[in-house]
Amino acid sequence: QVQLRESGGESAQIGGSLRLSCVISEYIRSQYCMAWFRQAPGRARQGVGSMDSDGDTYYADFVEGRFVVSQDKSKNTLYLEINSLKPEDTGVYYCAAYFSPVTPKCLAGTWYRERGYNYWGQGTQVTVSS
């Protein structure tokens, strides 16, 4: 079955930058939506951003330009760049995916819903402190 694995999480200082990676074992369809979620300690998991098979991206409002989702299809890898790190960015970051037989797009109004994704990575820890 499809497997996702995140890497790149580490301890970083306020104001710094990180790039997280998510490697997907296989694309079972050419049409998909892939997303990054995060879960801060004691908080619910929330969507950060996503990218569809057309290369379009979708972001949560709190990103405010600090997060960038990108991909390298040749490496089966999805990336998340986090800039100007804040303490509230601390948490476990997960990548997730679903594959669609009918559309190449993520849906602008629903990409952030956890239940829409049936493949998940195990998460990578990001810790931001001064």
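The following legends describe views of a predicted model of the protein.

**Figure 1. Overall fold of the predicted model.** The protein contains 11 strands and 0 helices. Read from the N terminus, its elements run β-β-β-β-β-β-β-β-β-β-β. The radius of gyration is 14 Å, close to the 14 Å that the globule rule gives for 130 residues, so the protein is as compact as a globular protein of that length. The C-alpha trace spans about 45 × 30 × 25 Å along its principal axes.

**Figure 2. Burial, surface and charge.** Of the 130 residues, 43% are buried. The accessible surface comes to about 6,700 Å², and carbon and sulfur atoms account for 44% of that area. The protein carries 13 positive and 13 negative charges, whose mean positions lie 4 Å apart. Among contacts between residues at least 6 apart in sequence, 63% join residues at least 24 apart.

**Figure 3. The aromatic pair F62 and F67.** The whole structure holds 10 aromatic pairs. One of them, formed by F62 and F67, is edge-to-face, with 6.2 Å from centre to centre and 90 degrees between the planes. F67 is buried at 2% relative accessibility, whereas F62 is partly exposed at 26%.

**Figure 4. The aromatic pair Y94 and W120.** The ring centres of Y94 and W120 are 6.5 Å apart and the planes stand at 75 degrees, so this pair is edge-to-face. The pair links distant parts of the chain, 26 residues apart: Y94 lies in strand β9 (residues 91–99) and W120 in strand β10 (residues 119–120). Y94 is buried, with a relative accessible area of 14%; W120 is partly exposed, at 27%.

**Figure 5. The aromatic cluster around Y94 and W120.** Y94 and W120 belong to one aromatic cluster together with F37, Y98 and Y117.

Notes: Residues numbered from 1 in each chain as written. Predicted model: local features only at pLDDT ≥ 70, side-chain atom pairs only at ≥ 80, totals over all residues. Heavy atoms only, no water. Helix = DSSP H or I, 4+ residues; strand = E, 2+ residues; numbered from the N terminus. Rg over C-alpha atoms; globule rule 2.2 N^0.38 Å. Buried < 20%, exposed > 50% of the residue type's maximum accessible area, 1.4 Å probe, protein only. Contact = heavy atoms within 4.5 Å. Areas by Shrake-Rupley, 256 points an atom, 1.4 Å probe, with all protein chains shown as cover. Lys, Arg positive; Asp, Glu negative; His and termini not counted. Charge placed at Lys NZ, Arg CZ, Asp CG, Glu CD. Phe/Tyr/Trp six-rings, centres within 6.5 Å; stacked < 30°, edge-to-face > 60°.
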